Amino acid sequence: MKYNRLGRAGLKVSELSFGAWITFGPQLDLAATKRTMRLAFDRGVNFFDNAEAYGGGEAERLMGAALKDFKRSDVVVSTKIYWGGKGPNDKGLNYKHLVEGTYAALERLDLDYVDLLYCHRPDDDTPIEETVRAMDFLLRSGSAFYWGTSEWSAEQIEGAHRAAKELGAAPPTMEQPEYNLFNRDKIEREFAPLYERYRMGTTTWSPLASGILSGKYDQGIPKGSRLDRVEWLREYLTPDKVAKTKKLAVVARELECTTAQLAIAWCLKNPNVSSVILGASNEKQLEENLGAAAVRDRLSDDVRKSIEALCA
Ligand code: NDP
């Protein structure tokens with residue numbers, strides 16, 4: 001496993017990491033959470049991703065309980081604040097919710113601090129200066145070490161840097177965007193100027209586009225799969241994506257890996273990706289997906305270009 005600096009930060013994150021969205025709780029109970037986190041850690045993963053919104057806080061409780069078996073300094077833990085509840089001040093990036101939401105997340109995780117704290121979405125209802133001041137406060141008071149954004153535009157990230165400079169506050173260090181063979185634009189084009197200008201780090205999500213890139217939906221929606229369980233995600237399963245995934249499977253066979261491993265290894269080839277956050281609903285999937293690190297070196301530039309052409 002390779003460890004990358006998170007952008008300009010000195011912090012090192014494993015190139016593959018493990019996240020809790022949708023899986024921790026409904027699919028992985030405490031025993032399974034412990035087993036999967038241990039498996040990931042034993043294979044070199046040091047970064048575990050979470051959010052206050054995941055399972056209404058249950059994902060943080062489970063991760064916090066599993067973290068009892070680890071030395072705190074061995075792991076990098078994140079959470080994300082935005083969707084904290086139904087009240088008028090339980091949502092968004094206003095000062096009050098950022099601070100209260102972070103304190104509540106730390107309580108659920110049973111941690112004194114998270115390493116990475118994200119603003120889970122942009123918030124047009126809050127002045128950027130207010131959000132930057134709140135994140136700066138949380139860093140200075142020791143609740144988090146680095147702050148970042150998730151699914152912000154390049155323009156919004158630039159705005160945060162400008163505000164931080166004016167206020168003498170800590171700027172964002174990392175962004176968490178979606179990145180997979182079906183969604184490349186933000187990481188590859190929109191964010192391109194930010195890597196040089198700010199040495200922005202990235203922790204990317206949904207490397208398999210919710211499992212579609214594993215090929216599991218090639219013959220329809222299997223019972224118990226994510227798209228079977230989560231109705232709103234089904235709109236992302238299009239005939240075009242299934243056709244592309246089938247073509248990828250041919251390349252995967254030639255490289256003697258699975259389609260999922262090929263899709264994840266492709267994400268790892270991008271030098272602007274600090275860590276690819278894996279999702280898995282069982283140990284078998286996680287084991288397979290962790291194998292992508294070994295597949296990365298089989299992806300020559302020619303192979304990379306050919307699979308990009310297949311998925312264009
Ligand atoms: P993926 O795109 O890799 O999807 C993971 C899901 O695909 C699994 O839960 C499983 O679902 C299926 N799957 C995974 N591996 C395999 C395999 N080898 N064979 C067959 N099926 C497989 O990642 P996620 O969408 O889960 O995202 C990863 C993490 O990124 C999240 O946990 C979260 O931490 C983060 N994230 C962040 C977001 C943000 O807004 N910042 C948004 C979304 C995710 P099943 O078995 O149920 O079909």
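Me: How do the residues of the lining of the second largest pocket divide into nonpolar, polar and charged?
Reply: This is a predicted model, where local features need pLDDT of at least 70, side-chain atom pairs count only at pLDDT 80 or more, and totals for chains, interfaces and linings use all residues. Numbering starts from 1 along each chain as its sequence is written, and side-chain values use heavy atoms, leaving out hydrogens and water. Ala, Val, Leu, Ile, Met, Phe, Trp, Tyr, Cys and Pro count as nonpolar, Asp, Glu, Lys and Arg as charged, and the others, Gly among them, as polar. The division is 5 nonpolar, 6 polar and 4 charged.

Me: How much space lies in the second largest pocket?
Reply: On a 1 Å grid over the protein atoms alone, a pocket is an open set of points with protein on both sides within 12 Å along at least five of seven lines, whereas in a cavity a 1.4 Å probe fits but cannot get out; lining residues have an atom within 4 Å of a point. Points are joined across faces, edges and corners, and a volume is the space filled by probe spheres set on them. For the second largest pocket this gives about 230 Å³.

Me: Which residues that line the second largest pocket are the closest to its centre?
Reply: This pocket is lined by 15 residues. Closest to its centre are R5, P271, N272, V273 and S274.

Me: Where does the largest share of the lining of the largest pocket come from?
Reply: Helices (H or I, at least four residues) and strands (E, at least two) are DSSP runs numbered from the N terminus. α8 (226-229), α10 (259-268), β10 (275-278) and α11 (283-290) each supply at least two lining residues. The largest share is 4 residues, and its source is α11.

Me: Which residue stands opposite F18 in β10?
Reply: Strands of a sheet pair through backbone hydrogen bonds, either parallel or antiparallel. Two strands count as paired if DSSP finds at least two bridges between them, and β3 (residues 16-19) has 3 bridges with β10, in the parallel sense. Both strands belong to a closed barrel of 8 strands, β3-β4-β5-β6-β7-β8-β9-β10. Opposite F18 stands L278.
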